[in-house]
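Here's a quick tour of one protein model, taken a topic at a time. Have a look at the picture first, then read on.

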Amino acid sequence: MDKYMYLIPYELVEQLETVNEIPKGIEIIQAPEIWNETKGKGITVAVLDTGCDTDHPDLKNRIIGGYNFTSDDEGDPLKFEDYNGHGTHVAGTIAASSNNSGVVGVAPESNLLILKVLGKSGSGKYDWIIKAIRYAIDHKADIISMSLGGSSDVKELHDVIIEAVNQNILVVCAAGNDGDGQDSTDELSYPGCYNEVISVGSVNLERKSSEFTNSNNQVDLVAPGEKVTSTYLNGSYATLSGTSMATPHISGALALLKVISNCAFDRDLTEPELYAQLIKRTVPLGNSPKIEGNGLIYLTLLDYVENVFNQQTVKALINI
């Protein structure tokens, strides 16, 4: 299949040699407040992207395996290094685990399965992505994270995503960066607008909708996607913007929620049940559902509701 899919365009705001912080977006979604319960241990997130800086000090202990589906490195399947930077950044937002310096991800004890489906130029064949999703299914990933998109609705891609969801794998996708800030126009990017995936839009660090975020009736929720600092090439760090950066916040959040929910119910929840647990932890921001879906992910929302029984008070607590 010779059709190509591409990285969703993103902005490189700044590259940094050293960092020592919990990124602001991770604080906004309240991930650190969950870490006393779990940091995602035992959950595997398959990251379908440009590969990963496998020697990055904040990531190397989180990577449990990988596969190169691209033609980079002469197609060597065991070389899934990142020559672009995008995949490393996404992986860091999900699971970076620093030791006194660097950054930390949403679920810093979750496992990363690095599936390289986009080459150094940021493009990849649909066939590579389809094979990678099947690989994630076969290797029993809990979550598939895809910060990529294309204009073509390819049946084989849709079919394998449906298969993954039927295997109770949560599939998280970027909504896309072709938005114009208006809910009167629809911008469609695949696989992000498939009904079966969890489609993620972007807000800035002030919780305002990002101008670039796609709008359509398949957007499920939003997360911080502007000026997101995470891991980057050659052991460095970078600040990037795009729905690509919002998506791994949700992938990491689901790693935390899967542990918490399975423990609370004393059984393995299904994909629809885990999706419901995610959506229960969203707060509307006042935008059209076509722009923000159910709202901003806020992991401790249920704790606040239990205490105050008032959605307006919850909104005040997070300064919306």
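Let's start inside: sorted by class, the residues lining the largest cavity come out as five nonpolar, six polar and no charged. Keep in mind that this is a predicted model. After the cavity, we'll turn to aromatic rings and then to a helix.

**The cavity**

- A search for cavities of 30 Å³ or more turns up one in this structure.
- The largest cavity holds about 30 Å³ of space.
- Its lining is made up of P23, I26, G92, T93, V103, V104, G105, V228, T229, S230 and H249.
- Two or more lining residues come from each of the elements α2 (86-95) and β14 (228-231).
- Of the elements, β14 gives the most to this lining, with three residues.

**Aromatic rings**

- To describe a pair of aromatic rings, you give the distance of the centres and the angle of the planes.
- Searching the whole structure gives four aromatic pairs.
- One of them joins Y67 and F69, a tilted pair with 4.6 Å from centre to centre and 40° between the planes.
- Are these two residues buried or exposed? Y67 counts as partly exposed because its relative accessibility is 28%, whereas F69, with a relative accessible area of 12%, is buried.
- F69 also pairs with Y135: the ring centres are 5.9 Å apart and the planes sit at 85°, so this pair is edge-to-face.
- Like F69, Y135 is buried.
- Put together, Y67, F69 and Y135 make one aromatic cluster.

**A charge over a ring**

- Y83 has K120 lying over its face, at 5.1 Å from the ring centre.

**Helix α3**

- How far does α3 reach from its first C-alpha to its last? This helix of 13 residues spans 18 Å, close to the 18 Å expected at 1.5 Å a residue.
- Which residues of α3 are buried? They are Y126, W128, I129, I130, A132, I133, Y135, A136 and I137.
- Just after α3 comes K140, which takes a positive phi of about 55°.

Methods. Residues numbered from 1 in each chain as written. Predicted model: local features only at pLDDT ≥ 70, side-chain atom pairs only at ≥ 80, totals over all residues. Heavy atoms only, no water. 1 Å grid on protein atoms, 1.4 Å probe; cavity = no way out; pocket = protein on both sides within 12 Å on 5 of 7 lines; lining within 4 Å. Points joined across faces, edges and corners; volume = space filled by probe spheres on them. Helix = DSSP H or I, 4+ residues; strand = E, 2+ residues; numbered from the N terminus. Nonpolar A, V, L, I, M, F, W, Y, C, P; charged D, E, K, R; others polar. Phe/Tyr/Trp six-rings, centres within 6.5 Å; stacked < 30°, edge-to-face > 60°. Buried < 20%, exposed > 50% of the residue type's maximum accessible area, 1.4 Å probe, protein only. Lys NZ or Arg CZ within 6 Å of the ring centre and 35° of its normal. Expected span 1.5 Å × (residues − 1).
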